[in-house]
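Keep the structure open as you read.

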Amino acid sequence: MKKSIRMTREVVLAIIVAVFILFLSLTTNFNTVSGIYSFMLDISPTIVAAIALSLVIFTGNIDISAGTIMGFVAYTAGKLAEAGIPFVIFLPAGMLVGVALAGLNGYITVKFKVPSIVVTLAMNMVHIGFYATFLPMSGWIENLGENFTWFGRGRFLNIIPYGFVLAFFVSLLFMFIMKYTKFGKALYAVGGSIQSAMYSGIDPDRTVIKAFLMEGLLLGIAAVMKATTRSDVMPSLFIGRELFFISAALVGGVSIFGGVGKIFGTVMGALLVYLLSISMIYLGFQDYYQFALQGIIILAAVYITVTDFSLLKKSYCKETDEFPGKKGEEA
Amino acid sequence: MEKQPILDICGIDKRFPGVLALKDVSLQLLPGEVHAICGENGAGKSTLMKIIAGVYVADTGSILLDGQELHLENPNDAYKQGLSIIFQESSLFPDLTVLENLFMGHEEQKSLFPVLPFIRMNDIPKMRKRAKEIFIRLEMNVDLDEKISALGVATKQMVEIAKALTFDSKVLILDEPTAALTNKEVHTLFETIRRLKQEGVSILYISHRLEEIFQIADRVSVLRDGAYVATADVSDVSKPKLISWMVGRFLENLYPKEDVEIGETVFEVKELWQRGLLHGISFSLGKGEILGIAGLAGAGRTELALAVCGLSKADKGELLLNGKKLVIHQYRDALDKGIAYISEDRQRYGLVLPMTLKENITHKVLNRICNVFGIIDRRKENSITDSYMSQLSIKAPDGSFVVSKLSGGNQQKVSVAKSLAAEPQILILDEPTRGVDVGAKSELHRIISNLAKAGKSIIIISSDLPEILGMSDRVMVMKNGCKAGELLRAELTQERILEMAL
């Protein structure tokens, strides 16, 4: 079996990311210890959350409430840490909160046949309302100690944050899961065609719920990862962040229609979206320019997904003067 | 013939809200036979299949597989019992590879760590090996790492058959397998079916195409309006007999083409080029003439039609309408000049399925039925709809009926009505009777013939050779994007067309 390196979308993205990092480190303080450290610190939760969103998007669904779910996780973790409960307990507790809330989204989506975009949009509002109404001080927790922040601020060799190592292993694990397990294939199948998935004996409803549960688990990790870098947390910390995660996945080649994409692509997408925003900071752009430019980049990225590198294919056509659709004809 | 049937279907009833889809259907499939099931659209073939497959559950009756009663919860149960179904609509995942598709839902697994046997991963080398064994059995050669979307229709179908074999199926059910295949591909498929039969696999073969049933099947059963009509050995039954079972009466003529005096040339295409698709096609069309365009799938017939109507862009070429040069940038221009195209894929391109009959029929002529404020005149809308409904005898309660609920034949008629409403001078019909039952087919042909008689010029693109032979005044044969030749009605034979097309 021949194996050649093809210019897949993921490879192209990896090259762009590499070039980006090279330029940034040549022109800014990006190559200093603190530059690298803060880069890795910022990117880790984004990568984990973008993978979380990718799982749901693979099945053809979406979760607009990911950011507010993470808010609940951060609140839970902070509250527990405030009471002196250690990381090994509050991390799983936070993950559990993530699983429960995302699982609820999945359950409603499947059970009542409401499109997930509607369910999670509504949930997003419910969550925000909940913060303000039911949490004391809208969920603000201040002056968290070493007990809380040791994970977020801890680093190996004075440069690699603990969170980055965790994000690295999460990425590897999910690359493996999507490629080598039944669960991974079922996600692609349901996103590709529910009908066909059913005919292959895959239960679409259960698969979608599983995707949401797994998403919640990862959102829990991501939220704790981010929250523990700070000494004060509040649930509103992540409001609106889901758009960032979704765009990372889309830029990384995950199709919004489901069934297509790779975890490696998502990771590269997260890196690229992040690098873009910091390079704009370096260039001195203001916040709203960043947003506008990011929006345009997402449009461009999704356009390329939809057209599936058709520009490349056309040039291939010209050389051989053969129409790709005819390939199977003479076989 | 006193063999124990491998699949014994007894007294199946299935009721859907408002309709009895199947009543008391019984069938026996013998080991190693190819058993065809035929019937018009809506006869209940697909419902029966879906019950056998476990997609629907029958209200009454039982299915015995090898003497054992089958209880199916979902399609996967059916596969596990050794019953594989290849549905009409592809159940492959276009974005996944061949290998992933073959084992989707039942991947071979192994444990990741010997000490932790419950953590399991997919055993890709083992799946590869099994896939290759199956490919050898089927004498097919497909790259396992190729994406499904890169394969041709016929290859996709072979992959579906291979997928069925990954379950070691004893019974294979094929639903309209040849609907999208060219004659050559059908031939390959039949070879495969014969090979499987020799291996002892029993096959239920569902098809409209009677010719195929006579070629491939050992026995044939007919369903009509959800009821079982008859079963016979293929060697004992004639085609008209079969049709009469299906329709419930004898059809006098499937191709009621009337002789029409062909008028002056109204439409001419000169040297039409489209890179990689069309290579200098020229033809002309007279008033009242029916021009058939024959050729294999991929010969460029649909592409020609699209280029002529402005639905795709030609690189070079000239169109003349009534001797005047015609410039078409987009389909709207073609419609305005009186050229209408009826797509082969009526569900996707021809109709808006969730909308009503009248909305569909008047879609192309909204300008004409609106007042100055852009408000639709209900009376005009209804009168146009009613006139076409009676003209084409569309069977629907009224104009506000939703198109998706109509049968395939009636949908096709709506699709034709939609184009006729634009009052075209030239009508291009792409596979006008694909997936349409015999009764509706005959009716559609009568409609086409009447249109020609009324002075319209018609182009029929069809893979159904008898249709081309029966309906055309003249036939243009295409091959690999080129014009392979032209035949007049007098010199038309199936052999001559094939000779040119191959």
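The model is predicted. Two packed helices are described by the angle between their axes and the distance between the axes.

**Helices H3 and H10 of chain A**
- Helix H3 of chain A spans residues 66-82, and helix H10 of chain A spans residues 204-227.
- The two pack at an angle of about 60°, and their axes are 8 Å apart.
- That angle makes H3(A) oblique to H10(A).
- H3(A) passes H10(A) in a right-handed crossing.
- H3(A) brings Ala66(A), Ile69(A), Met70(A), Val73(A), Ala74(A) and Ala77(A) to the contact.
- The H10(A) side includes Glu215(A), Leu219(A), Gly220(A) and Ala223(A).
- By class, this contact of H3(A) with H10(A) has 11 nonpolar, 1 polar and 1 charged residues.

**Helices H4 and H5 of chain A**
- Helix H4 of chain A covers residues 87-111, and helix H5 of chain A covers residues 116-134.
- Their axes come within 9 Å and cross at roughly 140°.
- H4(A) and H5(A) are therefore oblique to each other.
- The crossing of H4(A) and H5(A) is right-handed.
- From H4(A), the residues in contact are Leu101(A), Leu104(A), Asn105(A), Ile108(A) and Thr109(A).
- They meet Ser116(A), Val119(A), Thr120(A), Met123(A) and His127(A) in H5(A).
- The residues of the contact of H4(A) with H5(A) split into 5 nonpolar, 5 polar and no charged.

**Helices H7 and H8 of chain A**
- Helix H7 of chain A runs over residues 162-180, and helix H8 of chain A over residues 182-192.
- Here the axes come within 5 Å and cross at roughly 70°.
- H7(A) and H8(A) are therefore roughly perpendicular to each other.
- Ile177(A), Met178(A), Lys179(A) and Tyr180(A) are the H7(A) residues in the contact.
- Their partners in H8(A) include Lys182(A), Phe183(A), Lys185(A) and Tyr188(A).
- The contact of H7(A) with H8(A) divides into 6 nonpolar, 1 polar and 3 charged residues.

**Where chain B meets chain A**
- Chain B gives 41 residues to the contact, and chain A gives 30 residues.
- About 2,800 Å² is buried between chain B and chain A.
- Carbon and sulfur atoms give 55% of that area.
- Which three residues supply more than any other three of the area that chain B buries against chain A? They are Phe93(B), Met104(B) and Arg275(B), with 17%.

**Salt bridges**
- Side chains of opposite charge can pair when their charged atoms come close.
- Over all chains, the count comes to 24 salt bridges.
- Between chain B and chain A, the count is 1 salt bridge.
- Glu100(B) and Lys185(A) meet through their side chains in a salt bridge, at 2.4 Å from N to O.
- Lys185(A) is also among the H8(A) residues that meet H7(A).
- Within chain B, Lys239(B) forms a salt bridge with Glu211(B), and their closest N and O atoms are 3.1 Å apart.
- This pair links distant parts of the chain, 28 residues apart.
- Lys239(B) lies in helix H8 (residues 239-247) of chain B, and Glu211(B) lies in helix H7 (residues 210-216) of chain B.

Notes: Residues are numbered from 1 along each chain as its sequence is written. Chains are lettered from A and ligands numbered from 1 in the order in which they are written. This is a predicted model: local features need pLDDT of at least 70, side-chain atom pairs count only at pLDDT 80 or more; totals for chains, interfaces and linings use all residues. Side-chain values use heavy atoms; hydrogens and water are left out. Axes are lines fitted to C-alpha atoms, for helices over the stretch in contact, and angles run from 0 to 180 degrees between N-to-C directions. Helices (H or I, at least four residues) and strands (E, at least two) are DSSP runs, numbered from the N terminus. Angles under 35 degrees count as roughly parallel, over 145 as roughly antiparallel, 65 to 115 as roughly perpendicular and the rest as oblique. A crossing is left-handed if the near helix is turned anticlockwise from the far one by less than a right angle, and right-handed if clockwise. Contact means heavy atoms within 4.5 Å. Ala, Val, Leu, Ile, Met, Phe, Trp, Tyr, Cys and Pro count as nonpolar, Asp, Glu, Lys and Arg as charged, and the others, Gly among them, as polar. Buried area is the accessible area (1.4 Å probe) that two parts lose on being put together, summed over both. A salt bridge is a side-chain nitrogen of Lys or Arg within 4 Å of a carboxyl oxygen of Asp or Glu.
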